[in-house]
Structure formats: C-alpha cells, structure tokens
Amino acid sequence: MRYLHDLNVQISQNRRSVSVSKQLDRDLCNQHFDTFESFWGRPGHGARGDKINKLKLDNLLYGPESEA
C-alpha cells in the first residue's frame, strides 16, 4: 500500500513540475514577443500593424539627437 502511495506522490510532483515548466515557457515567450513588438513597432513575424512605432535607425544605433 505504501508503494502505491509513493507512486501517486511522484506522479503528482511530476505533473506539477511539468505544469510549472510549461507556464514558465509561455511567460518567457510572451515576454519575448512583447519586447520585440515594442522594439520594432510591429506585430510578430514582421507583419505591418495598424500603427508603426519603428524607431529611426540613427536613434536606435546612436541615441536621440541632442540639440546644442
């Protein structure tokens, strides 16, 4: 009887671990897509969106121009 209990505990822990791992993977993917969507100003895969917030390349590479 103890053996069955131990197996059930292991199965439960394994399922919980897989569930946490999948959730972490989904969160990281969503964070990645949000970062690149805001960085490039386009939705995923480079498709054009309704609004374009793409930064100028000079600002991206060298920072915004400062007026002296």
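How many helices and how many strands does the chain have?

**View 1. Secondary structure of the predicted chain.** In this predicted model, local features need pLDDT of at least 70, side-chain atom pairs count only at pLDDT 80 or more, and totals for chains, interfaces and linings use all residues. Residues are numbered from 1 along each chain as its sequence is written, and side-chain values use heavy atoms, with hydrogens and water left out. The chain has two helices and zero strands (DSSP runs numbered from the N terminus, helices being H or I of at least four residues and strands E of at least two).

**View 2. The salt bridge between D6 and R2.** One salt bridge is present in the structure (a side-chain nitrogen of Lys or Arg within 4 Å of a carboxyl oxygen of Asp or Glu), and it joins the side chains of D6 and R2 at 4.0 Å, N to O. Because D6 and R2 lie four residues apart in helix 1 (residues 2-40), about one helical turn separates them.

**View 3. Accessibility of the paired residues and of the chain.** R2 counts as exposed at 59% relative accessibility, whereas D6, at 31%, counts as partly exposed (buried means under 20% relative accessible area, exposed over 50%, and partly exposed in between, with a 1.4 Å probe and protein chains only). Of the 68 residues in the chain, 1% are buried.
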